[in-house]
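This briefing is written for a reader who has the sequence and the coordinates at hand. Please keep both open while reading.

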Amino acid sequence: MPEPQSPCPDDNGGAIAATGAGGAMDLATSEGGTLEQQQQQQRGGPEGGPDGGRGAGPEPGPDARPGGESTGRPHSLWSDAWRDLRRNPVFVLSGLVIVFLVIISIRPSLIAGGNPLSCDLARAQDGSRPGHPFGFNGQGCDVYTRTVHGARTSVVVGVLASLGVAVAGSVLGGLAGFYGGFWDAVLSRVTDIFFGIPVVLGGLVLLSVVTSSTVWPVIGFMVLLGWPQISRIARGSVITVKQNDFVQAARALGASSPRLMLRHILPNAVAPVIVVATIALGTFIALEATLSYLGVGLKPPTVSWGIDISDASPYIRNSPHMLLWPAGALAVTVLAFIMLGDAVRDALDPKLR
């Protein structure tokens, strides 16, 4: 049996390699070079180093440190969601609008130094003039100043109502979904009753007997009629998460019910609640303006976009500026929060990945 021969050069600069059948195979110059590179890499490379100065190895992964060492930590839902949100122009635009609204809610004097309650009847329904770009309303108050100061009321009502609804609905729905049985059945029937109450009609009935001009009666009404929706979502999310293997394993290892809820179920079931609460924030701002427009929400001397829209309605033909500016500010605010909620929903929904 003939011994295999090592490749030898031919006249054309290629290589002749012996085959197992005793014949010869002509290798192209590039293929001969490939064999030579592979042999050099196996010997440590032409430089004698571990990587031979070429082919330094695979590119570092997304979790690698600057030195090339991998952290070994997988991406979490929240880190992936934050990365997607930063790349979403809808989230960036709505976030900038909301940050601006929060800033002027905390310090409206930054862009409007006047007093929203200072009025001059001699200027009633006047249009724009230097120092008063939005004109004056029917009482002679500066529309620009009132529009800026009205952002505080809307943001406070929306944020506090959303937090109250999220906390109440998450606690009640989460406990019902975790324990099930009798309490689950009772909560389901109670939520059915609340779903049958029209929100605006309920506000007209419940808030018509309230004489306070503060925001707390309106916030309390929104929490009272808004928690059933969050409760249903939290209940379904908890039921889905508690059936996972890691929850069953923790239960088998002796984890108590509070530990299961706080350490294993809650972090994995809270995402749908955050999405719905974010979208509902814009809805609550619009609901506050609607109730104030109907005269049962906030009352003067509180500065509110709903109150200004209600006062400007009779003069819409002669002085449309009185209505357009507070109504435009309300529309932009509600749209910003709804767009933010949609972006958060897209980022936290695993089905869209």
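The model is predicted, so local features need pLDDT of at least 70 and side-chain atom pairs count only at pLDDT 80 or more, while totals for chains, interfaces and linings use all residues. Residues are numbered from 1 along each chain as its sequence is written, and side-chain values use heavy atoms, with hydrogens and water left out.

**Largest pocket**

- On a 1 Å grid over the protein atoms alone, a pocket is an open set of points where a 1.4 Å probe fits, with protein on both sides within 12 Å along at least five of seven lines, in contrast to a cavity, from which the probe cannot get out; lining residues have an atom within 4 Å of a point.
- The lining of the largest pocket comprises 18 residues, of which Val199, Leu225, Gly226, Gln229 and Phe284 are the closest to its centre.
- Two or more lining residues come from each of helix H5 (181–195), helix H7 (216–242) and helix H10 (271–293); H7 gives the most, with 7 residues.
- Helices are DSSP runs (H or I, at least four residues), numbered from the N terminus.
- By class, the lining has 15 nonpolar, 3 polar and no charged residues.
- In this scheme Ala, Val, Leu, Ile, Met, Phe, Trp, Tyr, Cys and Pro count as nonpolar, Asp, Glu, Lys and Arg as charged, and the others, Gly among them, as polar.

- Buried means under 20% relative accessible area, exposed over 50%, and partly exposed in between (1.4 Å probe, protein chains only).
- A polar atom of the Ser162 side chain lies 2.8 Å from the backbone oxygen of Gly158.
- Leaving aside neighbours within four places in sequence, Ser162 is in contact (heavy atoms within 4.5 Å) with Ala277, Ala280, Leu281 and Phe284.

**Salt bridges**

- Side chains of opposite charge can pair when their charged atoms come close.
- Asp126 and Arg129 form one of these bridges, at 3.1 Å from N to O; Arg129 is partly exposed at 33%, and Asp126 is partly exposed at 23%.
- Asp192 meets Arg189 in a salt bridge of 3.0 Å, N to O; both residues lie in helix H5, 3 residues apart, about one turn of the helix.
- Asp192 also forms a salt bridge with Arg232, at 2.4 Å from N to O; because Asp192 lies in helix H5 and Arg232 in helix H7, this pair ties together parts that are 40 residues apart in sequence.
- Through shared partners, salt bridges join Arg189, Asp192 and Arg232 into one network.
- Relative accessibility is 35% for Asp192, 49% for Arg189 and 34% for Arg232, and each counts as partly exposed.

- Asp80, in helix H2 (residues 77–86), counts as buried at 15% relative accessibility.

Methods. A polar contact is a pair of N or O atoms within 3.5 Å; within protein, one must be able to donate a hydrogen and the other to accept it, and residues adjacent in sequence count only if both atoms are side-chain atoms. A salt bridge is a side-chain nitrogen of Lys or Arg within 4 Å of a carboxyl oxygen of Asp or Glu.
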